[in-house]
Amino acid sequence: THWEMWNEPDLNIFWDAPLADYARLLKVGYLVAKQADPDAVVLFAGMANNFAKITYYRDVLAHFSNDPMAAANGYYHDVFATHSYFHAWKSWFHVYRAVGVMRDYGLDKPIWLNESGVPAWDDYPGPVWDPYSALRATTAEQADYVIQSAFYALYAGADAIFHFQLYDGCGNQPA
């Protein structure tokens with residue numbers, strides 16, 4: 001019933017095609033999902049919030065400004081999805097930016113922080129290392145992050161929050 005149209009197209013490792021190609025995928029995916037199930041909920045791809053492409057959401061909506069069907073179809077998404085990792089305050093920042101972009105386009109859509117977290121470095125059986133990394137935390141710091149990130153996101157206007165993940169998922173832990 002819910003369809004997220006891709007994941008993190010603002011990161012080249014997940015999407016290395018032009019922005020216009022993502023806009024086309026979003027439009028076609030939205031129209032097909034709605035044709036198959038009028039009650040389907042279509043999410044704009046979860047944004048990684050890559051600072052090199054920090055205006056990606058705004059740029060896609062600007063691309064649709066030239067599409068005569070865009071406004072009637074809600075700019076081809078029902079929910080905006082965003083991600084925030086490592087620093088809790090960024091959950092506020094990314095949601096707040098999305099609210100501003102929507103306001104500029106006359107949109108009022110739910111915003112989901114559908115990936116949020118900080119990996120824990122002191123959780124066995126994961127590697128116990130890097131206690132000073134800004135991109136890792138202790139399990140106690142991770143617990144604080146969950147609360148702080150949720151607070152910031154809700155304060156900025158998020159409608160739903162999903163935490164990802166409660167263990168060190170850097171890929172080098174034992175099977």
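This is a predicted model: local features need pLDDT of at least 70, side-chain atom pairs count only at pLDDT 80 or more; totals for chains, interfaces and linings use all residues.
Residues are numbered from 1 along each chain as its sequence is written, and side-chain values use heavy atoms, with hydrogens and water left out.

**The overall layout**

The protein has 4 helices and 5 strands, and along the sequence they come in the pattern β-α-β-α-β-α-β-α-β. Helices (H or I, at least four residues) and strands (E, at least two) are DSSP runs, numbered from the N terminus. Of the 175 residues, 44% count as buried. Buried means under 20% relative accessible area, exposed means over 50%, and partly exposed is in between (1.4 Å probe, protein chains only). If you take the contacts (heavy atoms within 4.5 Å) with a separation of 6 or more, residues 24 or more positions apart account for 73% of them.

**Salt bridges**

A salt bridge here is a side-chain nitrogen of Lys or Arg within 4 Å of a carboxyl oxygen of Asp or Glu. By that rule, the count is 3.

| Pair | N to O distance |
|---|---|
| Asp67 and Lys27 | 2.9 Å |
| Lys34 and Asp78 | 2.9 Å |
| Asp104 and Arg58 | 2.9 Å |

Take the pair Asp67 and Lys27. Asp67 sits in the loop between helix 2 (56–64) and strand 3 (79–85), Lys27 is in helix 1, and they are 40 residues apart. Asp67 counts as buried at 14% relative accessibility, and Lys27 is buried too, at 17%.

Lys34 and Asp78 make another of these bridges. Lys34 is in helix 1 and Asp78 in the loop between helix 2 and strand 3, 44 residues apart. Lys34 is partly exposed, at 22%.

Then there's Asp104 with Arg58. Asp104 lies in helix 3 (residues 89–104) and Arg58 in helix 2, so this pair ties together parts that are 46 residues apart in sequence. Arg58 is partly exposed, at 30%.

**A look at Asn12**

Asn12 sits in the loop between strand 1 (2–7) and helix 1 (19–36).
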